[in-house]
Amino acid sequence: MMQAPPPTSLNGSGLIRAFSVFADSAGAQGASSPRYFAERLGNLIDLPASIALAAAHGNLATTTSEGGAGTGAAFSGASASEEFLGARTAMMQSIVDSFAPAASASRSSFPRVSAATVAKEAASYAHYRLFYLAQQKALSRRVDGLRASIRAALAAHSNRLAGLAALDETLDETLSAPAQRLFAEVPRLLGQRFELLYQRHRETTAGQAGEDDPLRWGAAGGWLEQFAAEMRAVLLAELDTRLQPLIGLLEALDEEVERN
């Protein structure tokens, strides 16, 4: 089994940086460009961090720190952190495994070129788009469940953190639609990258003797293998971006545990 790499920065910079690089390499401009997407994603990430959570810490600091319902005073933030770390590791490993050459063929595994694959099929982005959409759906479901579990841990610890958990839920509902619209653009932008790499490959191999064998595309050094590596990096960076709000909740829980 392939090993998951260390997590990238949890401030969203990994996803922003990836598409900024794509924009630089493609020279794309305008509202549909990767750079414009990166700027919008950065603004969305900054919003809860700079406004809502800061206000939460300030406003909720005046409330009582009495234990909330349930396990309250006996609760330790360690269990929530352990649950988060375990879930993050599992999700990262699942992503890495889905790109492994030996992964079984399914919508949850990166489409691989075989001896039976015709060039037209391998050069179509449609299969790779469906794979990425399936990965996004799985990540969204697992992250949402983990976030709800961490909110419950906060609510069980103190009234102050219960208020923060409620505010986070409201914030999540408010930002859910714009966030999903942005994440929906990721497969489209990856499609632009796919077409660019394939175009460069065709320009490089134009006029060369012999057949352009699709098997070589997915081999080490091939353009399709490069795309697979880039898509995997983007998916891992998207996971980190989705997990960022959970990090803020855990930090608030740790501060409360240390205070008491």
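The chain holds eight helices and zero strands, where helices (H or I, at least four residues) and strands (E, at least two) are DSSP runs numbered from the N terminus. Read from the N terminus on, its elements follow the order α-α-α-α-α-α-α-α. The structure is a predicted model, in which local features need pLDDT of at least 70 and side-chain atom pairs count only at pLDDT 80 or more, while totals for chains, interfaces and linings use all residues. Residues are numbered from 1 along each chain as its sequence is written, and side-chain values use heavy atoms, with hydrogens and water left out.

Of the 260 residues in the chain, 43% are buried; here buried means under 20% relative accessible area, exposed means over 50%, and partly exposed lies in between (1.4 Å probe, protein chains only). The chain exposes about 12,900 Å², and carbon and sulfur atoms supply 55% of that area. Accessible areas come from the Shrake-Rupley method with a 1.4 Å probe, and for residues only the protein chains shown count as cover. Among contacts (heavy atoms within 4.5 Å) between residues at least 6 apart in sequence, 82% join residues at least 24 apart.

Side chains of opposite charge can pair when their charged atoms come close. The structure holds nine salt bridges, each defined as a side-chain nitrogen of Lys or Arg within 4 Å of a carboxyl oxygen of Asp or Glu. One of them pairs aspartate 172 with arginine 147, with the closest N and O atoms 3.2 Å apart. Aspartate 172 belongs to helix α6 (residues 159–205) and arginine 147 to helix α5 (residues 126–157), so this bridge ties together parts that are 25 residues apart in sequence. Aspartate 172 also forms a salt bridge with arginine 151, where the closest N and O atoms are 3.1 Å apart. This second pair again links distant parts of the chain, with arginine 151 in helix α5 and aspartate 172 in helix α6, 21 residues apart. Aspartate 172 is partly exposed at 24% relative accessibility, whereas arginine 147 is buried at 9% and arginine 151 is buried at 12%. Together with Asp168, these residues are linked in a network of salt bridges made up of Arg147, Arg151, Asp168 and Asp172.

A further salt bridge joins arginine 160 to glutamate 256, the closest N and O atoms being 3.1 Å apart. Arginine 160 lies in helix α6 and glutamate 256 in helix α8 (residues 223–259), so the pair ties together parts that are 96 residues apart in sequence.

Glu251 gathers with Asp254, Glu255 and Glu258 in a patch of negative charge on the surface.

Turning to a loop, proline 111 is found between α3 (77–98) and α4 (119–122). At 22% relative accessibility, proline 111 counts as partly exposed. Leaving aside its neighbours within four places in sequence, proline 111 is in contact with His127, Tyr128 and Phe131. The C-alpha atoms of proline 111 and leucine 130 are separated by 9.7 Å, the two residues being 19 residues apart along the chain.

Methods
Patches are made of residues with over 30% relative accessible area and no salt bridge: like charges are joined within 9 Å, nonpolar side chains (Val, Leu, Ile, Met, Phe, Trp, Tyr) within 5 Å. Lys and Arg count as positive and Asp and Glu as negative; His and the chain ends are not counted. The place of a charge is taken as NZ of Lys, CZ of Arg, CG of Asp or CD of Glu.
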